[in-house]
Amino acid sequence: MIARLLVFGAAAALADPMAIYDQALDARKEGDALRLLHLTGQLLEYAPASPPLHFLHAEAFALSGRAG
């Protein structure tokens with residue numbers, strides 16, 4: 001029973017960043033720079049050493065017109 005709860009908890013923890021990533025890609029397609037900036041900032045909290053996420057976050061800054 002406890003192992004089952006741990007597995008479901010781990011799956012939920014991994015699903016959250018994936019859902020945020022999907023939302024970020026949708027925001028990018030829609031041209032919603034501020035939403036993209038917010039979502040990529042959240043993703044960098046999960047994976048601060050990810051070069052693709054840093055690139056996506058930099059793209060969000062460029063689209064928003066803000067310096068970063």
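The following legends describe close-up views of a predicted model.

The model is predicted: local features need pLDDT of at least 70, side-chain atom pairs count only at pLDDT 80 or more, and totals for chains, interfaces and linings use all residues. Residues are numbered from 1 along each chain as its sequence is written, and side-chain values use heavy atoms, with hydrogens and water left out.

**View 1. Overall fold of the protein chain.** The protein chain has three helices and zero strands, in the order α-α-α along the sequence. Helices (H or I, at least four residues) and strands (E, at least two) are DSSP runs, numbered from the N terminus. Of the 68 residues, 25% are buried, where buried means under 20% relative accessible area, exposed over 50%, and partly exposed in between (1.4 Å probe, protein chains only). The accessible surface is about 4800 Å², and carbon and sulfur atoms hold 66% of that area; areas come from the Shrake-Rupley method with a 1.4 Å probe, and for residues only the protein chains shown count as cover. Among contacts (heavy atoms within 4.5 Å) with a separation of 6 or more, 39% link residues 24 or more positions apart.

**View 2. The largest nonpolar core.** Twelve residues form this core: I20, A24, A27, L36, L37, L39, L43, L44, L53, L56, A60 and F61. The elements giving two or more residues to the core are α1 (2-30), α2 and α3, and α2 supplies the largest share, five residues. A nonpolar core is a set of buried Ala, Val, Leu, Ile, Met, Phe, Trp, Tyr and Cys residues joined through side-chain atoms within 4.5 Å. In soluble globular proteins, nonpolar side chains tend to be buried together.

**View 3. The two sides of helix α3.** Helix α3 (residues 51-64) comprises 14 residues and spans 20 Å from its first C-alpha to its last, close to the 20 Å expected at 1.5 Å a residue; the expected span is 1.5 Å times one less than the number of residues. Its buried residues are L53, L56, H57, A60 and F61. These residues lie on the same side of α3 because they cover an arc of only 145 degrees around the axis, the arc being that of the directions from the helix axis to the C-beta atoms. P51, P52, F55 and A62 are exposed on the other side. Just after α3, G65 adopts a positive phi of about 80 degrees.

View 4. T40 belongs to helix α2 and counts as buried, because its relative accessibility is 0%. A polar atom of the T40 side chain lies 2.9 Å from the backbone oxygen of L36. Residues up to four places away in sequence aside, T40 touches L56, H57 and A60. With the corresponding exclusion, A60 touches A33, L36, L37 and T40.

View 5. R35 lies in helix α2 (residues 33-46) and is partly exposed, with a relative accessible area of 30%. Beyond its neighbours within four places in sequence, R35 is in contact with Q23, A27 and E30. The C-alpha atoms of R35 and A60, 25 residues apart in sequence, are 8.6 Å apart in space. H38 is also found in α2, and its side chain makes a polar contact of 3.1 Å with that of Q42. A polar contact is a pair of N or O atoms within 3.5 Å; within protein, one must be able to donate a hydrogen and the other to accept it, and residues adjacent in sequence count only if both atoms are side-chain atoms. The C-alpha atoms of H38 and A24, 14 residues apart along the chain, are separated by 8.6 Å.
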